[in-house]
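Please walk me through this structure in plain terms. I would like to follow how its parts are put together.

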Amino acid sequence: MVEPPSGAPDNFFNRPRAYDLWLHTDGMEHKDRIDRLAGDAVLCAAVKHANYVGPDWEFIAGEIARYGIAVFEGWMARGIVTERCRAKGVRGVPSLPEWVRRDRALCEDIVAATVETALIRFRDDVLKKDIWDPAKGASLRTFFIRQCMWRYGDAFRTAIAARQREVRTSDIEVLDVKQVTHVEDDVIRMQTAELLFKGASSERAARAFAMHLCGYDNSAIAADLGTTIDSIKSLLKRERIRLREELNREDTA
Amino acid sequence: MSRLERIVAKSSFGTKPAQAARATVAPERASKVVARASRTLSEKSSTKRDTK
């Protein structure tokens with residue numbers, strides 16, 4: 001028999017719906033569900049006891065965040081995030097363009113921002129205000145994912161806007177850092193490279209290759225794209241292979 | 001298993017599918033997200049204190 005959770009509200013087992021579920025003995029599913037709800041109540045009590053700060057809160061929040069990140073990254077990778085959010089009635093969820101879905105770093109940024117904001121609202125609007133009620137049957141996990149769904153749209157728009165600004169700014173910087181006499185030459189090469197890489201696997205890959213063709217070394221490209229030299233090396237290698245394959249296909253066609 | 005690990009394991013975040021999902025994300029990544037969220041929270045509280 002499962003013991004009542006120490007941190008559960010006083011009327012946890014007395015509320016009609018929870019009590020009905022508690023008595024349900026047909027299958028393990030309901031019992032498991034009740035056990036999990038009881039566990040959620042204990043988790044709530046633990047973070048409340050920690051006053052939502054310090055190592056205890058950070059550990060539990062970290063585990064909640066890991067779950068949120070995994071779910072949203074999975075949905076983004078499979079291209080079903082918009083569908084999932086809309087299915088739950090979340091409004092203003094933007095469609096996920098293919099180029100975003102393929103840009104892993106960008107997806108990671110979007111998911112991190114989504115989970116970060118969701119965590120803040122989950123703490124302030126759900127946990128602190130005792131909004132979550134185990135008697136209603138929804139788990140804390142469901143509450144948290146719903147919170148993430150509400151935050152996803154804004155996080156997506158902010159990340160995309162930041163990426164577009166970053167690309168535009170670095171375009172100007174690229175022209176500025178070279179000597180004036182070389183700018184024209186660079187622009188032509190850059191445009192050629194960008195044309196070549198219109199179908200690159202991501203905007204970052206196209207930009208990296210364009211800079212590479214303009215004579216920038218890997219460290220400069222890495223600094224421009226905010227990543228490591230090793231990741232630039234492998235990115236360029238992948239793009240070279242892809243381009244070679246594409247050219248071979250065109251030749252044989 | 002620590003007390004906190006046990007609490008998480010018994011909650012809805014501790015079911016097998018949830019556990020498997022959590023295992024795909026490095027704890028360091030989640031820590032960064034939590035740290036940023038905590039920073040935002042403390043900045044918010046200090047702004048509130050300042051405006052009082």
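This is a predicted model: local features need pLDDT of at least 70, side-chain atom pairs count only at pLDDT 80 or more; totals for chains, interfaces and linings use all residues.

Glu73(A) and Arg29(B) form a salt bridge, in which the closest N and O atoms are 2.4 Å apart. Between chain B and chain A the count is four salt bridges. Twelve residue pairs are also found in polar contact across the interface of chain B and chain A, both residues being at pLDDT 80 or more.

On the side of chain B that touches chain A, the elements giving two or more residues are α1, α2 and α3 of chain B. Of these, α3(B) gives the most, with eleven residues. By type, the residues on this side of chain B divide into 16 nonpolar, seven polar and seven charged. The contact as a whole takes 30 residues from chain B and 34 residues from chain A. The area buried between the two chains is about 2,800 Å², and carbon and sulfur atoms give 69% of that area.

One residue of chain B can be followed in detail. Arg22(B) has its place in helix α2 of chain B. Is Arg22(B) buried or exposed? Its relative accessible area is 9%, and the limit for buried is under 20%, so Arg22(B) is buried. Leaving aside neighbours within four places in sequence, Arg22(B) is in contact with Glu63(A), Arg66(A) and Tyr67(A), and also with Val8(B), Phe13(B) and Gly14(B).

With one of these residues, Glu63(A), Arg22(B) forms a salt bridge whose closest N and O atoms are 2.4 Å apart. This pair crosses between chains, from helix α2 of chain B to helix α3 of chain A. Glu63(A) is buried as well, with a relative accessible area of 9%. A further residue belongs to the arrangement: Glu63(A), Arg66(A) and Arg22(B) are linked in a network of salt bridges.

Over all chains, the count comes to twelve salt bridges. One of them joins Asp124(A) to Arg123(A), with the closest N and O atoms 3.1 Å apart. Asp124(A) is buried at a relative accessible area of 16%, and Arg123(A) counts as buried at 9%. Another salt bridge joins Arg157(A) to Asp154(A), with the closest N and O atoms 3.3 Å apart. Why are Arg157(A) and Asp154(A) separated by about one helical turn? They are three residues apart in helix α7 of chain A, and that spacing is why about one turn separates them. Arg157(A) is partly exposed, with a relative accessible area of 40%.

The nonpolar residues come next. The largest nonpolar core has 60 residues, and the members that touch the most other members are Phe72(A), Ile110(A), Phe144(A) and Tyr152(A). Which elements each supply at least two residues of this core? In chain A they are α2 (28-49), α3 (54-78), α4 (81-87), α6 (104-127) and α7 (140-177), and in chain B they are α1 (3-10), α2 (16-23) and α3 (27-51). Both chains therefore supply residues to this core.

Phe72(A) shows what such a position looks like. Apart from neighbours within four places in sequence, Phe72(A) is in contact with Val81(A), Cys85(A), Val111(A), Thr114(A), Ile145(A), Cys148(A), Met149(A) and Tyr152(A). There is also a second, separate core of eleven residues, including Ala205(A), Tyr216(A), Ile232(A) and Leu236(A).

Most residues other than glycine have a negative phi. Asn51(A) has a positive phi, near 60 degrees, and is a residue other than glycine. Asn51(A) is found in the loop between α2 and α3 of chain A. Tyr52(A) lies in the loop between α2 and α3 of chain A, and its phi is positive too, at about 60 degrees, although Tyr52(A) is not a glycine.

Conventions:
Residues are numbered from 1 along each chain as its sequence is written. Chains are lettered from A and ligands numbered from 1 in the order in which they are written. Side-chain values use heavy atoms; hydrogens and water are left out. A nonpolar core is a set of buried Ala, Val, Leu, Ile, Met, Phe, Trp, Tyr and Cys residues joined through side-chain atoms within 4.5 Å. Buried means under 20% relative accessible area, exposed over 50%, partly exposed in between (1.4 Å probe, protein chains only). Helices (H or I, at least four residues) and strands (E, at least two) are DSSP runs, numbered from the N terminus. Contact means heavy atoms within 4.5 Å. Buried area is the accessible area (1.4 Å probe) that two parts lose on being put together, summed over both. A salt bridge is a side-chain nitrogen of Lys or Arg within 4 Å of a carboxyl oxygen of Asp or Glu. A polar contact is a pair of N or O atoms within 3.5 Å; within protein, one must be able to donate a hydrogen and the other to accept it, and residues adjacent in sequence count only if both atoms are side-chain atoms. Ala, Val, Leu, Ile, Met, Phe, Trp, Tyr, Cys and Pro count as nonpolar, Asp, Glu, Lys and Arg as charged, and the others, Gly among them, as polar.
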